[in-house]
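The structure comes first, then the details.

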Amino acid sequence: MQLLGRFLSPYTRLVSMVLRHHDIHHEHRQLAVVHDDDRREILSHNSLGRVPILCISDNQSLVESDLIILHLEKDVDDAQRLFPLGGDHAVDFLSMHGRAKGIMDRAVAAFYESNRRPEDKRWDEHAEKLDGTWTNALLEFEQACPAPGGYFLADQLSLIDFDLAVIMEFLAITRAEKLANLELPKLHAWMNEMSQHKLVRETSPN
């Protein structure tokens, strides 16, 4: 089993965290769509040219992070799931996870708009709008943030905690000035603790 995609991709990083959390043996190849040779290989497994990709066999691969994670946890006991499918907190999880993935989507799009396009093709106003949407959603997580060492889903470690860790580190790298201008004392205090988690450290994009 191979995971394709580099840790700067928040989606690839989440899949890697789930693989590591469940001790699933795999090879990780840090391929980036911005590099021509890497992109050709990525396209050979996913015609959309996107990561993460989980290669199950030579001719079978999975794409889209949530679908990969659901596959990885298909035989996992409910108590060990990072992506809970039932129980008292299932709706809370889906609500928060959907918003967290939205932050990732907007932040990645803003980064590409302002950094990856040729300068004469950048649309600064669109990047500002994208930044505004992830900013508003992140402020909602600030209000819901647990104390340092706590979890977003009551007393249960879940993908939400890794979502927010990945988001905060991705923004610190790609949208540092925007992040610094936000009042997020609870999130920063929580992140100081979460940054020491084994899976956060092992998958650092730095």
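## Core and salt bridges

Leu138, Phe141, Phe152, Phe162, Leu164 and Leu187 touch the most other members of the largest nonpolar core, which has 49 residues. A nonpolar core is a set of buried Ala, Val, Leu, Ile, Met, Phe, Trp, Tyr and Cys residues joined through side-chain atoms within 4.5 Å. Buried means under 20% relative accessible area, exposed over 50%, partly exposed in between (1.4 Å probe, protein chains only). The largest share of this core, 10 residues, comes from α6. Helices are DSSP runs (H or I, at least four residues), numbered from the N terminus.

This is a predicted model: local features need pLDDT of at least 70, side-chain atom pairs count only at pLDDT 80 or more, and totals for chains, interfaces and linings use all residues. Residues are numbered from 1 along each chain as its sequence is written, and side-chain values use heavy atoms, without hydrogens and water.

The structure holds 12 salt bridges. A salt bridge puts a side-chain nitrogen of Lys or Arg within 4 Å of a carboxyl oxygen of Asp or Glu. Three of them are listed here.

| Salt bridge | N to O distance |
|---|---|
| Arginine 13 – glutamate 169 | 2.7 Å |
| Arginine 20 – glutamate 202 | 3.1 Å |
| Aspartate 75 – lysine 74 | 3.7 Å |

Arginine 13 is buried, at 1% relative accessible area. Glutamate 169 is also buried, at 17%. Arginine 20 is partly exposed, at 26%, and so is glutamate 202, at 32%. Arg20, Lys198 and Glu202 are linked in a salt-bridge network. Aspartate 75 is exposed, at 66%.

Terms used
Helix = DSSP H or I, 4+ residues; strand = E, 2+ residues; numbered from the N terminus.
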